[in-house]
Amino acid sequence: RVSREQGRPLTSSQRTLVGRMMGSSDNAATDTLLAQVGVSNVQRVTRLLGLTYTTIRGGGAAGSSTWWGYSTTVPWDFLKLETYLVNGTPVLTPAERTYVRSWMSNVTSSQIWGVVNPSFASMVNAEVKNGWGPRTGGYRLNSVGRIKGYGRDYQMAMLSRSPSRRICRPPTNWPRRQSTSGRRRARPIPPTAPTTTSLANT
């Protein structure tokens, strides 16, 4: 979005950084891209998307109070963003949405967990972006993505807390069973009050 506003297409170096950030959760790549884009621009686009309960931080070193990994959000905002990526929004062009989702469909094997665990058959399309990191009271393990196949289409978000670094896993056959039965679309209910979680290592 910001690149388009500035009339400057992403450079090959920036595309490489995006691949590292999205595909393998490379924090150094995220640091560089955030510095180039500007924290204020990310905050502005967050507001344009209507992510009411999301607070973007940035500019500080890892572990400091202003580190981007300590940005906060709620499941409903995560789900709203994923729905926009799938169904469209005036804030992002179709090409921009496709670019983001193409990386969510091609994360490294170590990043395939959360809402897309276990992995699926080839006829099921899975997109995911995960984040994790230590915080007071234990690790935060967050996951947002989409599963589409067998006539079903789900956008999902999982924000969790664990006393140790454990990969969050839904019941083994839950998404697979749900994707093969019926055609009713899941309709999420927004929270009545925000319960935030950090986005460390997103």
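These legends go with close-up views of one predicted model.

Residues are numbered from 1 along each chain as its sequence is written, and side-chain values use heavy atoms, with hydrogens and water left out. Because this is a predicted model, local features need pLDDT of at least 70 and side-chain atom pairs count only at pLDDT 80 or more, while totals for chains, interfaces and linings use all residues.

**View 1. Confidence along the protein chain.** The mean pLDDT is 80, and 78% of the residues reach 70 or more. This score is the predictor's confidence in each residue, from 0 to 100. Helix α4 (residues 39–48) has the highest mean among the elements, at 94. Helix α7 (residues 174–179) has the lowest, at 38. Helices (H or I, at least four residues) and strands (E, at least two) are DSSP runs, numbered from the N terminus. Over residues 170–196, pLDDT stays under 50. The model has 43 contacts for this stretch beyond four places in sequence; a contact means heavy atoms within 4.5 Å. Where pLDDT is low, the predicted coordinates should not be read in detail.

**View 2. The open sheet.** Three strands make up this sheet, in the order β2-β3-β4, with antiparallel pairing. Two strands pair if DSSP finds at least two bridges between them. The edge strands are β2 (125–135) and β4 (152–162), and each pairs on one side only. Neighbouring strands are turned by 5° against each other on average, direction ignored. Axes are lines fitted to C-alpha atoms, for helices over the stretch in contact, and angles run from 0 to 180 degrees between N-to-C directions. Strand β3 (residues 138–149) pairs with β4 over 11 bridges. S143 has M158 in β4 as its bridge partner.

**View 3. Helix α6 on the sheet.** Helix α6 (residues 94–104) lies across β2 and β3. The helix runs at about 75° to β2. A salt bridge joins R101 and E127 (3.0 Å, N to O). The term means a side-chain nitrogen of Lys or Arg within 4 Å of a carboxyl oxygen of Asp or Glu. R101 sits in helix α6 and E127 in strand β2, 26 residues apart. Both R101 and E127 are buried. Buried means under 20% relative accessible area, exposed over 50%, and partly exposed in between (1.4 Å probe, protein chains only). A network of salt bridges links R101, E127, R146 and D153.

**View 4. Salt bridges from helix α1.** The count of salt bridges in the model comes to 7. One of them joins the side chains of R4 and E96 (2.6 Å, N to O). R4 is in helix α1 (residues 2–5) and E96 in helix α6, 92 residues apart. R4 is partly exposed, with a relative accessible area of 39%. E96 is buried, at 16%. The side chains of E5 and R44 also meet in a salt bridge (2.6 Å, N to O). E5 lies in helix α1 and R44 in helix α4, so the pair ties together parts 39 residues apart in sequence. E5 counts as partly exposed at 38% relative accessibility. R44 counts as partly exposed at 26%.

**View 5. Helix α5 and its cover.** Helix α5 (residues 75–87) has 13 residues. From first C-alpha to last, α5 reaches 18 Å, close to the 18 Å expected at 1.5 Å a residue. The expected span is 1.5 Å times one less than the number of residues. Buried residues in α5 are D77, F78, L79, E82, L85 and V86. An α-helix has 3.6 residues a turn, so residues three or four places apart point the same way. The cover over the buried residues of α5 includes β1 (72–73), α6, β2, β3 and β4. G88 follows α5 and has a positive phi, near 105°.

View 6. Most residues other than glycine have a negative phi. S25 has a positive phi, near 55°. S25 is in the loop between α2 (12–24) and α3 (27–37). S25 is buried, with a relative accessible area of 7%. Y150 also has a positive phi, near 55°. The loop between β3 and β4 holds Y150. Y150 is partly exposed, with a relative accessible area of 44%.
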